Amino acid sequence: MDAPAPKKRGKNLKNPRQAKANWQYTVADVIDLYDLKADRPVKTWVKNGLPVVRSLDMRFWGNDLNAFHKARRKETKSACPWHAVNCPVCKNRHSLYEEPFCIECLPNGRHSAVVRCPESPRGFAWKIIKDDDLPLVKALLASKDPSDKED
Ligand SMILES: [Zn+2]
């Protein structure tokens with residue numbers, strides 16, 4: 001294990017069963033546990049929602065660590081770029097570049113992109129558009145030929 005491994009996606013993901021559920025871990029323990037080089041990743045995890053046991057020195061519950069890393073894995077696995085929609089109908093990912101789509105305003109002030117599934121005439125795929133991505137999605141929609149609309 002001395003040769004540098006090639007960089008690959010997800011290499012920073014930690015084993016979600018690494019920590020002992022009922023143990024408390026200090027930052028130093030966590031660095032040890034996941035073979036980290038410094039405490040920086042731990043601070044990032046805390047910023048991203050890893051719960052800290054309330055005490056003067058930072059401590060973490062093992063089951064919190066495990067749950068956190070499990071959630072991160074799931075997130076990475078399902079990460080979907082702004083211009084794609086995961087389709088519940090055909091289980092594929094549809095690109096907003098390729099498929100006709102529309103933007104819907106939701107009652108809560110958010111927006112969703114709706115794509116008609118090319119595999120199933122009655123199926124729709126949709127997703128909530130992140131506020132940061134909304135200008136991109138709107139620009140993409142505007143760049144499409146208006147005569148391209150379905151119907
Ligand atoms: Zn589909």
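How many residues lie between β5 and β6 in the hairpin that they form, and which residue in the turn has a positive phi? The hairpin has 5 residues between its two strands, and Gly-109 in the turn has a positive phi of about 90°. The model is a predicted one, in which local features need pLDDT of at least 70 and side-chain atom pairs count only at pLDDT 80 or more, whereas totals for chains, interfaces and linings use all residues. Residues are numbered from 1 along each chain as its sequence is written.

The chain has 4 helices and 7 strands, these elements being DSSP runs (helices H or I of at least four residues, strands E of at least two) numbered from the N terminus. Along the sequence they follow the pattern β-α-α-β-α-β-β-β-β-β-α. Of the 151 residues, 15% count as buried, a residue being buried if 20 or more other C-beta atoms lie within 10 Å of its own, exposed if 12 or fewer do, and partly exposed in between, with C-beta atoms placed from the backbone. Among the contacts with a separation of 6 or more, 49% are accounted for by residues 24 or more positions apart; two residues are in contact if their C-beta atoms, placed from the backbone, lie within 7 Å.

The strands β5, β6 and β7 form, in the order β5-β6-β7, an open sheet of 3 strands with antiparallel pairing, where two strands pair if DSSP finds at least two bridges between them. The edge strands, each pairing on one side only, are β5 (101–105) and β7 (124–129). Neighbouring strands of this sheet are turned by 25° against each other on average, direction ignored; axes here are lines fitted to C-alpha atoms, for helices over the stretch in contact, and angles run from 0 to 180 degrees between N-to-C directions.

Between β5 and β6 (residues 111–116), 5 bridges join the antiparallel strands. Cys-105 has His-111 as its bridge partner in β6, while Ile-103 is partnered there by Ala-113 and Cys-102 by Val-114. Helix α4 (residues 134–143) lies across β5, β6 and β7, and runs at about 135° to β5.

Val-85, located in strand β3 (residues 84–86), counts as buried because it has 25 C-beta neighbours inside 10 Å. Apart from neighbours within four places in sequence, the contacts of Val-85 are with Arg-93, His-94, Leu-96, Ala-113, Val-115, Ala-125, Trp-126 and Lys-127. For one of these residues, Trp-126, the C-alpha atom is separated by 6.2 Å from that of Val-85, although the two residues are 41 residues apart along the chain.

Although Asp-35 is not a glycine, it has a positive phi of about 60°.
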